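Please look over the sequence and the structure shown below before reading on.

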Amino acid sequence: MSVNVRPSVVRAVSRGTPQAFSRAFVGRLMADPAFLYKLAFEQVVTISAATMYEVAHRGDKLKSEWDLALSNIAQLSLANALTVW
């Protein structure tokens, strides 16, 4: 079926993003239909491991340094997403 027929994440992305990103995303899904699942799994593992690392290494200081911990987790998540891409 075509991207424009069935409502799905692919359809929403293809219609709601710039053409270059849309084509790249749809191309990745055509090459590997499990790409979204792989990306989601990688993000869950990365965010979980980064959160456990921050909790273990910051300890009691986590509440006062939550902004630094959150920025570290966000950077790791972005780097992992770009690596998987």
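In which helix is the place of Leu36? Leu36 lies in helix α3 of what is a predicted model. Its relative accessible area is 29%, a value between the 20% under which a residue is buried and the 50% over which a residue is exposed, so Leu36 is classed as partly exposed.

Which residues does Leu36 touch, when those up to four places away in sequence are not counted? The contacts of Leu36 are with Val9, Phe25 and Leu29. Between Leu36 and Phe25 there are eleven residues of separation in sequence, and their C-alpha atoms are 9.8 Å apart in space.

## The chain as a whole

The chain contains four helices and zero strands. Read from the N terminus, the order of elements is α-α-α-α. The radius of gyration is 17 Å, whereas the globule rule gives 12 Å for 85 residues; the chain is therefore more spread out than a compact globule.

The C-alpha trace spans about 55 × 20 × 20 Å along its principal axes. Of the 85 residues, 19% count as buried. When contacts between residues at least 6 apart in sequence are considered, 38% of them join residues at least 24 apart.

## The packing of α3 and α4

The relation of two packed helices is described by the angle between their axes and the distance between those axes. Helix α3 covers residues 35–58 and helix α4 covers residues 66–84. They pack at an angle of about 150 degrees, and their axes are 9 Å apart. Angles over 145 degrees count as roughly antiparallel, and α3 and α4 are therefore roughly antiparallel to each other. Their crossing is right-handed.

On the α3 side, the residues that meet α4 include Phe35, Leu39, Ile47 and Arg58. On the α4 side, those that meet α3 include Leu68, Ile73, Leu76 and Val84. By class, this contact comprises ten nonpolar, six polar and three charged residues.

## Asn80 in the contact

Asn80 is placed in helix α4 and is one of the α4 residues that meet α3. Is Asn80 buried or exposed? Its relative accessibility is 12%; the limit for a buried residue is under 20%, so Asn80 counts as buried.

Leaving aside residues up to four places away in sequence, Asn80 touches Glu42, Gln43 and Thr46. Glu42, Gln43 and Thr46 are among the α3 residues that take part in the contact with α4.

Key: Residues numbered from 1 in each chain as written. Predicted model: local features only at pLDDT ≥ 70, side-chain atom pairs only at ≥ 80, totals over all residues. Heavy atoms only, no water. Axes fitted to C-alpha atoms, helices over the stretch in contact; angles between N-to-C directions. Helix = DSSP H or I, 4+ residues; strand = E, 2+ residues; numbered from the N terminus. Parallel < 35°, antiparallel > 145°, perpendicular 65-115°, else oblique. Left-handed = near helix turned anticlockwise from the far one by under 90°. Contact = heavy atoms within 4.5 Å. Nonpolar A, V, L, I, M, F, W, Y, C, P; charged D, E, K, R; others polar. Rg over C-alpha atoms; globule rule 2.2 N^0.38 Å. Buried < 20%, exposed > 50% of the residue type's maximum accessible area, 1.4 Å probe, protein only.
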